[in-house]
Amino acid sequence: MERDDIIEYSLDAHHSEEQGKKIRRKIWLVTAILTLITAFEVGVGMTVHQDSSMWWIVKLLFIGLTLLKAGYIVLVFMHLGDERKVLKYCILVPYFIFVIYLIFIALTEANAVHTAWETYGG
Amino acid sequence: MAGHATTHVDATTAWGGKTSPFNVSYGKLMMWFFLVSDALTFGGLLVAYGYTRHTTQSAWPIGEETFDSLPFLGHGYPLMYVALMTFILIVSSVTMVLAVEAGHRMDKKGVMKWMIATIIGGFFFLGSQAWEWSHFIHGSHFGSVEILSGEHTGSRAIVKGHFGDLESFTVVQAGKHHKVGDVIKETPDELFHHFRTAVMNGQVKDGKITLHDGSVATWKKHNDEHMELIIKTDGTGHSLAKVTKIHGKDAEVKYWESVNSGKKGAIIYGADLQSNEYGPSQYGQFFFFITGFHGFHVFSGVVINILIFLGVSSGKYHKRGHYEMVEKTGLYWHFVDLVWVFVFTFFYLV
């Protein structure tokens, strides 16, 4: 028997040739952005060294650019930007809560352990 | 764009049953849930890496110093190779999203074309990673050196410069295959292979090398050039290191003294799970685990892509009237790219 209680969504998300053209233009634009960011990162990584006093700025810059790249991949390539808000938040909010907390707690603890070893350890 | 909300979902009745509040199919939702959990796994691994790096007392290796080689061209190209790998993966992500786009136009030929490109990109990435691992495991011709005399006694230094080619071994004490006076001439690489093995086993002492057949020989080699020993000690704060450099004759004396000491482990070449020439042992362990786990994901992705490609070419999805399977495998493939973006930053850049 044909079931009528299952509604398949997003299966017939078809688009026309014309819409496709617009979508492809966006894809190539994002490609260019991702490539430029990576090239820029490598360039900076080669010129600014870790013993430089500017390093902490570069480090923050790298992390910021990484999040930017991740944003483009998730929202455009994985189309999460086009999904309903409720799905978007179900997927993203766990990270904003747990991963940021995990990073904070692990690095704080690590620095404390480091200091303890430096002070008392052999 | 793709994955448009095509069915209207009314906010007041969305959660009342018989409808998907998320407005996506079951399969796509489950793929997203899998990716959420997989991303937490990688998040946990990278956080563990950060934890270890911050607790470690000795100086952590620096990406652009550790990874500065290109195939056929040798050293002196910091980060170029990983940048290339990153680019390959980004491009294969782009071809994947183009395959999905073609699927939305029911363009079977387009889907096939772009999926083949994606699969080729995946193979290229895997091959690059194999080269990278091999290079990481074998290490440099100098290895890292434990300094055995002077004010830096006990410190370990990484060595930069050009290792002079080995020319020949001259046997001074007979073994199973060689008699006294034999001159063993092979290519510099083959001779170096014997030399490296002997050094690792503590069988090089006072200018004499014990070969694997038991014969003892002296060696003849070209001079090393531009040798530099770099000693890093943990600075205050965390990952920043205090760097001491020894150049020229001094460096050569210290280096060859350790080689000729016959002390096992005085020279470490490349990396394994116990130790590595680049820095603390945990560095090598995390390198193998995290890039290995990611590489395994890429491998799985290539296999899944091939299976889906076969489905596309047989016309299975065309008959269904939609190419959602391509979209789902696409989600996984982009995720693999996404993870690499983070690995690239935290392993190679910072």
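Helices (H or I, at least four residues) and strands (E, at least two) are DSSP runs, numbered from the N terminus. This is a predicted model, in which local features need pLDDT of at least 70 and side-chain atom pairs count only at pLDDT 80 or more, while totals for chains, interfaces and linings use all residues. Residues are numbered from 1 along each chain as its sequence is written, and chains are lettered from A and ligands numbered from 1 in the order in which they are written.

Let us stay with chain A. Chain A has three helices and zero strands, so that from the N terminus on its elements run α-α-α. Of its 122 residues, 19% count as buried. Within H1(A), the buried residues are Ile27(A), Val30(A), Thr31(A), Leu34(A), Thr38(A), Glu41(A), Val42(A) and Gly45(A). H1(A) itself has 31 residues and reaches 45 Å from its first C-alpha to its last, close to the 45 Å expected at 1.5 Å a residue, where the expected span is 1.5 Å times one less than the number of residues.

In the model, residues 27-48 of chain A are 95% helix and 0% strand, with end C-alpha atoms that lie 32 Å apart. Over residues 54-77 of chain A, the chain is 96% helix and 0% strand, and the end C-alpha atoms are 34 Å apart.

Chain A is divided into domain 1 (17-82) and domain 2 (84-122), with bounds that come from an automatic or database domain assignment. The centres of these two domains of chain A, taken over C-alpha atoms, are separated by 23 Å. Ile97(A) has its place in helix H3 (residues 85-120) of chain A, and Ile97(A) counts as exposed because it has 10 C-beta neighbours inside 10 Å.

The next step is to see how the two chains meet. The contact takes 53 residues from chain A and 55 residues from chain B, two residues being in contact if their C-beta atoms, placed from the backbone, lie within 7 Å. On the side of chain A that touches chain B, helix H1 (17-47), helix H2 (55-77) and H3 each supply at least two residues, and the largest share, 14 residues, comes from H3(A). By class, this side of chain A has 28 nonpolar, 13 polar and twelve charged residues, where Ala, Val, Leu, Ile, Met, Phe, Trp, Tyr, Cys and Pro count as nonpolar, Asp, Glu, Lys and Arg as charged, and the others, Gly among them, as polar.

Chain B is assigned domain 1 (26-139 + 283-349), domain 2 (142-164 + 224-269) and domain 3 (167-222). The C-alpha centres of domain 2 and domain 3 of chain B lie 24 Å apart, and eight residues of domain 2 of chain B are in contact with eleven residues of domain 3 of chain B. Phe34(B) is found in helix H1 (residues 26-55) of chain B, and Phe34(B) is partly exposed because 13 other C-beta atoms lie within 10 Å.

Finally, chain B contains an open sheet of five strands in the order S6-S5-S9-S8-S7, with antiparallel pairing; two strands pair if DSSP finds at least two bridges between them. The edge strands, each of which pairs on one side only, are strand S6 (183-184) and strand S7 (204-205) of chain B. Strand S5 (residues 166-173) of chain B is joined to strand S9 (residues 216-221) of chain B by six bridges, and Gln173(B) stands opposite Val216(B) in S9(B). Val216(B) is also the bridge partner of Thr210(B), and two bridges join strand S8 (residues 208-210) of chain B to S9(B). In the hairpin of S8(B) and S9(B), which has five residues between the strands, Gly214(B) takes a positive phi near 95 degrees.

Technical notes:
A residue is buried if 20 or more other C-beta atoms lie within 10 Å of its own, exposed if 12 or fewer, and partly exposed in between; C-beta atoms are placed from the backbone.
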